[in-house]
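Please consult the sequence and the structure while reading.

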Amino acid sequence: MATDWLVTGAGGQLGSVLLRLLARRGAAAVGTVTDKGPRPDVGESIPIDLTDRRALEPLVRRLRPQFIIHTAAITNVNDAYRHPDRARLVNCETSCLINELAAELGARLVFTSTDLVFGGGEAPYRETDPTSPKSIYGATKVEAENALGDSPNAIILRLPLMYGVPAVDRPTTFMNQVRAMLDRRELTLFGDEYRTPIWLEDAARACVDVAQRDISGILHAGGPQRLSRLQMGELTAKALGVSDARIRSISQCEIDAPEPRPADVSLESSRFESLMRRPPGIPMHEALMDIAEELNVAS
Ligand SMILES: NC(=O)c1ccc[n+]([C@@H]2O[C@H](COP(=O)([O-])OP(=O)(O)OC[C@H]3O[C@@H](n4cnc5c(N)ncnc54)[C@H](OP(=O)(O)O)[C@@H]3O)[C@@H](O)[C@H]2O)c1
């Protein structure tokens with residue numbers, strides 16, 4: 001069975017939204033999920049451990065996709081810290097193998113990378129700025145980026161912090177915060193940690209659109225606003241109509257973390273805008289109107 005699109009990590013927040021977007025567009029798409037993880041309720045998904053080379057190679061050769069969007073990864077910074085070998089295997093080595101398979105088939109590959117390839121001291125970051133990851137997670141992504149860098153069939157799409165409703169039943173930071181707000185539970189959010197967040201739907205559109213363009217190298221797909229985690233929470237509470245949300249501002253220095261948290265990894269995304277003739281995403285307060293409607297809690 002052949003397909004046009006292969007989405008790895010379709011049980012994840014971005015992969016599930018991607019599979020739903022492709023289904024809505026009537027595209028022939030297949031996603032990969034894991035045995036233990038959730039399955040999206042739209043589209044077709046195949047369970048596989050992508051680190052199993054003997055399973056991955058025949059699957060990709062059988063599917064013969066024209067486009068591969070590779071979102072599967074160890075994305076939790078603490079998990080990557082605790083299991084660095086596993087993180088390197090999944091985030092780097094597996095991505096390299098997928099790139100080799102894409103090249104063999106003449107498929108276009110979108111490798112989803114992260115703003116955490118940067119250290120946080122010199123934002124906003126452009127594609128040409130030197131990487132300086134502060135975490136094992138960020139370092140494994142840099143390693144993969146460097147390995148993929150010269151592939152003419154691959155585009156490295158660096159994504160910022162994502163928010164929105166996944167198309168799969170999966171706990172995410174954003175959805176946990178939404179539930180806490182609706183339950184009037186206290187939330188502590190960093191007032192001094194800045195990101196350029198993007199809506200999941202916009203991130204998925206960016207992946208699909210760049211896949212279809214003959215571009216390679218690195219591309220930033222940051223959202224249009226630089227916001228602190230606290231500001232993101234306040235915007236979310238407002239959109240949900242929770243005027244008495246219990247949000248407490250904290251500073252990064254109040255938290256004991258095994259690895260330093262970058263203060264500001266805002267992405268500068270003008271290359272995306274000039275190539276695609278549109279910004280990667282819409283402002284958060286606009287996206288939140290759709291999100292509140294989807295959650296049926298519009299203010
Ligand atoms: N989340 C963010 O805010 C953010 C920010 C910047 C960049 N990114 C990047 O965007 C991409 C998607 O992120 P996300 O938040 O959607 O991630 P996610 O929700 O954590 O999903 C990742 C998916 O990868 C799967 N996976 C992990 N190891 C695997 C393996 N060995 N074989 C097969 N599947 C495996 C996971 O399986 P399980 O279902 O079993 O867990 C999960 O479904 C990643 O490349 C991430 O680095 C994310």
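The model is a predicted one. Its protein chain comprises 10 helices and 13 strands, and buried residues make up 47% of its 299 residues.

**Overall dimensions**

- The radius of gyration of the protein chain is 18 Å, which agrees with the value near 19 Å that a compact globule of 299 residues would have.
- Taken along the principal axes, the box filled by the C-alpha atoms is roughly 55 × 40 × 40 Å.

**Nonpolar core**

- The largest nonpolar core contains 80 residues.
- Within this core, the residues with the most contacts are Leu18, Leu157, Ala203 and Cys207.
- Leu18 is in contact with Val7, Ile69, Thr71, Ala204 and Cys207, when its neighbours within four places in sequence are left aside.

**Shell around the ligand**

- The ligand has 27 residues around it, of which Gly9, Gly12, Leu14, Thr34 and Gly37 come nearest.
- Sorted by class, this shell has 11 nonpolar, 13 polar and three charged residues.
- At least two residues of the shell come from each of helix H1 (13-24) and strand E5 (108-114).
- Helix H1 gives the most to the shell, supplying three residues.

**Helix H10 and its surroundings**

- Helix H10 spans residues 284-294, and its buried residues are Met284, Ala287, Leu288 and Ile291.
- Seen down the axis of H10, these buried residues fall within an arc of 105°, so they line one face of the helix.
- The spacing of such residues follows a general rule: an α-helix has 3.6 residues a turn, so residues three or four places apart point the same way.
- Exposed residues His285 and Glu293 are carried on the face of H10 turned away from its buried side.
- What do the buried residues of H10 pack against? Their partners are strand E10 (198-199), strand E12 (227-228) and helix H8 (229-240).
- Just after H10, Asn296 adopts a positive phi of about 65°.

Note on methods:
Residues numbered from 1 in each chain as written. Predicted model: local features only at pLDDT ≥ 70, side-chain atom pairs only at ≥ 80, totals over all residues. Buried ≥ 20, exposed ≤ 12 C-beta atoms within 10 Å, placed from the backbone. Helix = DSSP H or I, 4+ residues; strand = E, 2+ residues; numbered from the N terminus. Arc of directions from axis to C-beta. Contact = placed C-beta atoms within 7 Å. Core = buried A, V, L, I, M, F, W, Y, C linked by C-beta atoms within 7 Å. Rg over C-alpha atoms; globule rule 2.2 N^0.38 Å. Near = placed C-beta within 6 Å. Nonpolar A, V, L, I, M, F, W, Y, C, P; charged D, E, K, R; others polar.
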